[in-house]
Amino acid sequence: MIPAAFARATIDREGAAGEAWLAELPGIIDELLTQWDCEPDGEAAHGQVGVVVPVRDDAVLKVSFPHPGNVHEPDAFEAWDGQGAVKLYERDDARYAMLLERAHPTTLMEHDEDVVVTAGDLHRRLRIPAPDGLPRMSEQADAWEEELRKDAAELDHPLPAAVIDAALAVVDELGRDQPEILIHGDFHPRNILRADREPWLAVDPKGYVGDPAYDATTFLRTRAAHQLGADDLITVLNHELELFADAAELDPERIRRWSHLNLVQSAFWGRRHGFGRARGGSQLDKFIALVDELAVSWS
Ligand SMILES: Nc1ncnc2c1ncn2[C@@H]1O[C@H](COP(=O)(O)OP(=O)(O)O)[C@@H](O)[C@H]1O
Ligand SMILES: [Mg+2]
């Protein structure tokens, strides 16, 4: 029942803890199926951290690796109560498990038309006052600032001081004081699924509190990764930023500023750790050069 690729990725990322959890996972799934009175109904799917087993004809069981980043997912679903996101039927926090409304397997990633406007519309529907007890993104502002200063000083990079200062200004002006709004936190096309009750529903939220324009940055980053080959990538992304802002009813300038911060952070991250698509060599150099160029153009 556990996809081999998911098992491999979990062990690669989590080591012995991943192995131990995988050994328990079939038993955990069995217990949850009994507890929630359902049976598997089809092949399990998975993402980076969770295994998703279709059960009954209207639900899926999602069990995630026990990681602090997965703690608030059910809180976000509970707050949305089905508006723009799949419904939460049951939760078992000790096991990092949820019984969720079932959507279709197709994600917005595989959809070719109106991807940006669809995502922007959905994002607008997800915007609600934050429930209590979720992590505030503003609490990360000090760490962002410290890391930016350290990276800018320690790493070999061509980013002009004004570009770094602009990123620090985003932390100061947008990062420290953020609205009390629930944000998804990992809003990208693979976490948006085709559905019947609404045309598209979000899954896999982190459940943060903060500026909704931050989610747009995550979305645009995946759009950039998806269109890396385009020679006019900057023009394309600028256009998509405007489209998203318009559909989501967000201020495009705010999205641009968050994106700028994210690009500068990515430029440094790539230098230290590489990217998922390129860990080293000339491919990594090419990505880093592109991120630098985008960071300068959006400063
Ligand atoms: N409610 C759902 N209905 C149908 N399929 C789902 C549902 N939730 C997740 N999936 C499937 O499982 C995959 C991974 O789910 P996701 O919640 O994004 O996990 P991860 O946290 O590991 O990224 C999705 O891409 C989708 O194919
Ligand atoms: Mg996911």
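## Domain organisation

The protein chain is divided into domain 1 (4-101) and domain 2 (108-297), with bounds that come from an automatic or database domain assignment. This is a predicted model, in which local features need pLDDT of at least 70 and side-chain atom pairs count only at pLDDT 80 or more, while totals for chains, interfaces and linings use all residues. Residues are numbered from 1 along each chain as its sequence is written, and chains are lettered from A and ligands numbered from 1 in the order in which they are written.

The C-alpha centres of domain 1 and domain 2 lie 26 Å apart. Their contact takes 13 residues from domain 1 and 17 residues from domain 2, two residues being in contact if their C-beta atoms, placed from the backbone, lie within 7 Å. On the domain 1 side, the residues touching domain 2 comprise six nonpolar, five polar and two charged. In this classification Ala, Val, Leu, Ile, Met, Phe, Trp, Tyr, Cys and Pro count as nonpolar, Asp, Glu, Lys and Arg as charged, and the others, Gly among them, as polar.

## The five-stranded sheet

Five strands form an open sheet in the order β1-β2-β3-β5-β4, with antiparallel pairing. Strands (E, at least two residues) and helices (H or I, at least four) are DSSP runs numbered from the N terminus, and two strands pair if DSSP finds at least two bridges between them. The edge strands β1 and β4 (88-92) each pair on one side only.

Five bridges join β3 and β5 in the antiparallel sense. Lys62 stands opposite Met98 in β5.

Ligand 1 has 21 residues around it, of which Ala45, Gly47, Gly50, Val52 and Asp204 come nearest; a residue is near a molecule or strand if its C-beta atom, placed from the backbone, lies within 6 Å of it. By class, this shell has ten nonpolar, six polar and five charged residues.

Both domain 1 and domain 2 contribute at least three residues each to the shell. At least two residues are supplied by each of β1 (45-46), β2 (50-55), β3 (59-64) and β5 (97-101).

## The position of Pro135

Pro135 is placed in the loop between α4 (115-125) and α5 (141-154).

Not counting residues up to four places away in sequence, Pro135 touches His72, Tyr208 and Val209. Pro135 and Gly207 are 72 residues apart in sequence, yet their C-alpha atoms are 7.6 Å apart in space.
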